[in-house]
Amino acid sequence: VKLVESGGGWVQSGGSLRLTCTSSVEMIRIEEMRWYREAPGKQRELIARIRTADFTVYADSVKGRFTVSRDNAKNTLFLQMDALKPEDTAVYSCNADPPVGALADHDSWGQGVQVTVSS
């Protein structure tokens, strides 16, 4: 599965950005997708998980500010980020379960996009 992120950039504290992650495989075949981020000098952090609209999980660090969603018809995963803080500065990557019926049994990763929040 090829995953391609877009939507990163620079924003002032308190601003918003929306990240997208497009899948080369029909997302209806992918049970769970995730967003991770990695800041300089810190471990990679799982910040959001989604299976269906009724199943989303967030890290405490982003809960109430970030919203994950998916549009299976468009094979696209989203991350709406509001009330951004300087500590949200990181490289954000999407991650997907192996598609149902695929030979591969490993997750797929996007290339990552930089998000920079200035104070």
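1. Buried means under 20% relative accessible area, exposed over 50% and partly exposed in between, with a 1.4 Å probe and protein chains only. By that rule Cys94 is buried because its relative accessible area is 0%. Cys21 also counts as buried, at 0% relative accessibility.

2. A word on the basis. This is a predicted model, in which local features need pLDDT of at least 70 and side-chain atom pairs count only at pLDDT 80 or more, while totals for chains, interfaces and linings use all residues. Residues are numbered from 1 along each chain as its sequence is written, and side-chain values use heavy atoms, with hydrogens and water left out.

3. The disulfide. The term stands for a pair of cysteine sulfur atoms within 2.5 Å. A search of the whole structure finds one. Cys21 is joined to Cys94, with S to S at 2.0 Å. The link of Cys21 and Cys94 is right-handed, with 65° about the S-S bond. Distant parts of the chain are linked here: Cys21 lies in strand E3 and Cys94 in strand E9, 73 residues apart. A disulfide is a covalent bond between the sulfur atoms of two cysteines.

4. Terms for the strands. Strands are DSSP runs of E with at least two residues, and helices are runs of H or I with at least four; both are numbered from the N terminus. Two strands pair if DSSP finds at least two bridges between them. Strands of a sheet pair through backbone hydrogen bonds, either parallel or antiparallel.

5. The open sheet. Four strands form it, in the order E1-E3-E8-E7, and the pairing is antiparallel. Its edge strands are E1 (3-6) and E7 (66-71), each of which pairs on one side only. Neighbouring strands of this sheet are turned by 15° against each other on average, direction ignored; axes are lines fitted to C-alpha atoms, for helices over the stretch in contact, and angles run from 0 to 180 degrees between N-to-C directions.

6. Inside that sheet, E3 (residues 17-23) and E8 (residues 76-81) run antiparallel and are joined by six bridges. Leu17 has Met81 in E8 as its bridge partner. E3 is also the strand that holds Cys21.

7. Strands E4 and E5. E4 (residues 33-38) runs antiparallel to E5 (residues 45-52), and five bridges join them. Trp35 has Ala48 in E5 as its bridge partner. The hairpin of E4 and E5 has six residues between the strands, and Gly41 takes a positive phi near 75° there.

8. Strands E5 and E6. These form a hairpin with two residues between them. E6 covers residues 55-58; four bridges join E5 to E6, and the two run antiparallel. Ile50 is partnered by Thr56 in E6.

9. Strand E9 deserves a close look. E9 (residues 90-96) is mostly covered, with six of its seven residues buried. Six bridges join E4 to E9, and the strands run antiparallel. Arg37 has Tyr92 in E9 as its bridge partner.

10. Tyr92 has Val113 in E11 as its bridge partner. E9 also pairs with E10 (residues 108-109) in the antiparallel sense, over two bridges. Ala96 stands opposite Ser108 in E10.

11. One check for the viewer.
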